[in-house]
Amino acid sequence: MAAPRHRRRGFSRRVQYGLFAGYVVAIVGILIGAALLLVARLDPRAFGTLRGVVVDAGAIFTGAGRVGVDAAHDLGDGIAAYLDAANQNRALKEELARERRRVIAARAVALENARLKKLVRLTEHLPAPILSARLIGSTPTGQRRFATLAAGTAEGVRPGMTVRSPEGLVGRVYESGLFASRVLLLTDGETTVPIKIVRSGQAALATGQGDGTMEVRALIAGGRPFRRGDLAVTSGTGGVYSPNMPVAVVTAVNGDRATARPLADPGRADFAAVYPIFQAPVADPPAQPKP
């Protein structure tokens, strides 16, 4: 007797096993979610440890993805450089000549500053970085902006510490696993950095907008305190960020507010330095006159 042409779905063992596996996975997922909610509610410290484990695990996949992105960027840059080699060579020669003149001027200024510091016996107390680590990934879009740092509590990295690249401030450590950490970037909507404008010394606040830019607001309303091209650095007010770290450049001005773009690009930076949480030095009390 010939087999029927159209068999019902229930006669397929493969389909039955697939449905059963789907139900099992769904039930297990619900149970795990409920367990995580209970742990977060009843034991926040244990839940924080679980988040650290997730950060460590995610760092492995993030690092692999970063390698692929870097390879694609390098390939594109290589093709563009090959097609435009003559123009780039001429531009690089001109830039090299300009940079030589700037280096000579900078050396003269550095020597003069060193001489003046010796005259006034000025001592600078700048924090030293705890370590340098590799940035292995970052979120390019979205309201929340994070980067992954290949260093964690095993190397002494703690939440709140400052992270900067050679170009400028990247952000601060948001949470740490054992071998990796998440860095809250400057452009995240929850980031606010006390800054000052180098040109005028104007104090302001820079807040992340979640779109790759920052909004700069003057602490004193009124006037036009910003100009396009102004450089903003950390002021050190309130602690956390050490003073005079490059932050951003103003790109647009609207009254007493401005839009700025961070100098550091975590998507292109390979390494970053981690600094301890800055604490402003306490001034010594004035000496009391002797009776």
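Phe20, Val24, Val28, Ile32 and Leu36 form a nonpolar patch on the surface with about 440 Å² of accessible area together, where a patch joins nonpolar side chains (Val, Leu, Ile, Met, Phe, Trp, Tyr) within 5 Å or like charges within 9 Å, from residues with over 30% relative accessible area and no salt bridge, and where accessible areas come from the Shrake-Rupley method with a 1.4 Å probe, only the protein chains shown counting as cover for residues. The model is predicted, with local features needing pLDDT of at least 70 and side-chain atom pairs counting only at pLDDT 80 or more, while totals for chains, interfaces and linings use all residues. Residues are numbered from 1 along each chain as its sequence is written, and side-chain values use heavy atoms, with hydrogens and water left out.

**Overall architecture**

- The protein has 3 helices and 12 strands, these being DSSP runs numbered from the N terminus (helices: H or I, at least four residues; strands: E, at least two).
- Of its 291 residues, 28% count as buried, a class that means under 20% relative accessible area, with exposed meaning over 50% and partly exposed lying in between (1.4 Å probe, protein chains only).
- The protein exposes about 19600 Å², of which carbon and sulfur atoms supply 61%.
- Among contacts with a separation of 6 or more, 57% come from residues 24 or more positions apart, a contact being heavy atoms within 4.5 Å.

**The annotated span and its helix**

- The UniProt annotation "transmembrane region", taken from an unreviewed entry, covers residues 20–40; such positions are given in the numbering used here, feature names are shortened, and annotations may be inferred rather than shown by experiment.
- In the model, residues 20–40 are 100% helix and 0% strand, and their end C-alpha atoms lie 30 Å apart.
- Val24, one of the patch residues, is found in helix H1 (residues 13–42) and counts as partly exposed because its relative accessibility is 36%.

**Salt bridges**

- The count comes to 6 salt bridges, each defined as a side-chain nitrogen of Lys or Arg within 4 Å of a carboxyl oxygen of Asp or Glu.
- Arg199 forms a salt bridge with Asp230, the closest N and O atoms being 2.8 Å apart; Arg199 lies in the loop between strand E6 (192–197) and strand E7 (203–208) and Asp230 in the loop between strand E8 (214–218) and strand E9 (231–234), so the pair ties together parts that are 31 residues apart in sequence.
- Arg199 counts as partly exposed at 40% relative accessibility, whereas Asp230 counts as buried at 5%.
- Glu215 is partly exposed at 23% relative accessibility, as are Arg217 at 29% and Arg257 at 39%.
- Arg144, Asp188 and Glu190 are linked in a network of salt bridges.

**The surroundings of Thr187**

- Thr187 has its place in the loop between strand E5 (181–185) and E6, and Thr187 is buried, with a relative accessible area of 9%.
- Leaving aside neighbours within four places in sequence, Thr187 is in contact with Arg145, Gly208, Gln209, Gly210, Asp211, Gly212, Thr213 and Pro262.
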